[in-house]
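Please keep the sequence and the model in view while reading.

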Amino acid sequence: MTSRDPISGQCVLVTGGAGFIGSHLVDRLLSEGAREVVVIDNLFVGAEENLAAARGTGRVVFYRDDAELTTSLDYIFEMHDVGTVFNCATKALNYSFHNPSNAFSTNVTVALNLLELQRRGKFHTLCHFSTSEVYGTAVYEPMDEEHPRSPTTTYAAGKAAADLAVESYVRMFDVDAYIVRPFNNYGPRQNHNGLLAGIIPITAKRVLTGGKPEIHGDGQQSRDFIYVSDTVDAVLKLHERLPAGETVNISTDNQITIKELVDRISKELGYDGEILRRPARPSDVLCHNASNAKVRQLIDYTLTPFEAGLSRTLDYYRDLARKEQWA
Ligand SMILES: NC(=O)c1ccc[n+]([C@@H]2O[C@H](COP(=O)([O-])OP(=O)(O)OC[C@H]3O[C@@H](n4cnc5c(N)ncnc54)[C@H](O)[C@@H]3O)[C@@H](O)[C@H]2O)c1
């Protein structure tokens, strides 16, 4: 079994660390005793507020900068003695419907930049964030790590290409890099603004601002939702044991259709009005039912029940609506 230096006492870099999962990861790295957590985020979607508590510790250094620029990364690696990098930077899936080429290239460029730095010995371990989207629509269920990769969007194609880059650098140069592959995450701090918002925050925001929830297509497309702290917990446990070059799904057994999800959010927020129907989105993956057999075999895997996680998440958006005076 792989053994890596503990996070405690290390300087860790998180790309995309002002985003949803990245900011929860930063909090957890600090509570694990990281000496310093360096964040590079261009705030494409991320927000500095997501790091407010973390920065209060005095152990976070935030760079509002672009991880696609090699010179920016070079500068950071000159300034900090980074041991481990968690690569969370990405541009949201929905963005690929508007700017397909850039959504693809961000995923590939950031990964290649980091792999080149790692190959040159600038840091030791890379934890690369993939996505369940690389599988495309299931050809068998539940989808395990051997499921064919058949991306249906350029976002997912860029992610799949980045995964292949990580795997090939491990084979060619023996770098210590592994891949975590989360399924749909939910929880506080997920972006709720504009076209790039996730289904839970956008539905909550619509209801909390007096609007109507929306469903694309017949709503029968299903997803496997995992609470963000559970993902972060799994990533840090996997960091200790997952061999280089390997990939692990991080998912629950919370298979839920989008229609059922929107109904539950509406109910929890006391909304019983109309739910608007929108045309199906091209390339919307129909089903994401994951196998989590591998992660369960590797670590002590604890999962938040969906009802509890959803209720905590909606509490967060209720508070935010009050603070930011949404209505
Ligand atoms: N949220 C999910 O459901 C989910 C599911 C599967 C995989 N993932 C993966 O987990 C990782 C984190 O996802 P998230 O949900 O926190 O997304 P997010 O959009 O909230 O965070 C990504 C962050 O990357 C930043 N970013 C974008 N381009 C950048 C660049 N060029 N340089 C620096 N920063 C840049 C954004 O501003 C944002 O803060 C991603 O790699 C994503 O593919 C997420």
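In this predicted model, 29 residues of domain 1 are in contact with 22 residues of domain 2, two residues being in contact if their C-beta atoms, placed from the backbone, lie within 7 Å. Local features need pLDDT of at least 70, side-chain atom pairs count only at pLDDT 80 or more, and totals for chains, interfaces and linings use all residues. Residues are numbered from 1 along each chain as its sequence is written.

On the side of domain 1 that touches domain 2, α7 (228–241) and β11 (247–250) each supply at least two residues; helices (H or I, at least four residues) and strands (E, at least two) are DSSP runs, numbered from the N terminus. The most is given by α7, with seven residues.

Domain 1 comprises 11–185 + 227–250 and domain 2 comprises 194–222 + 255–323, with bounds from an automatic or database domain assignment. Their C-alpha centres lie 23 Å apart.

The largest nonpolar core has 84 residues. Such a core is a set of buried Ala, Val, Leu, Ile, Met, Phe, Trp, Tyr and Cys residues joined through C-beta atoms within 7 Å, where buried means that 20 or more other C-beta atoms lie within 10 Å of the residue's own. Val12, Val14, Leu25, Val26, Val37 and Val39 touch the most other members. Helix α5 (residues 154–173) gives the most to this core, with eight residues. Because both domain 1 and domain 2 give residues to this core, it lies between them.

Methods
Buried ≥ 20, exposed ≤ 12 C-beta atoms within 10 Å, placed from the backbone.
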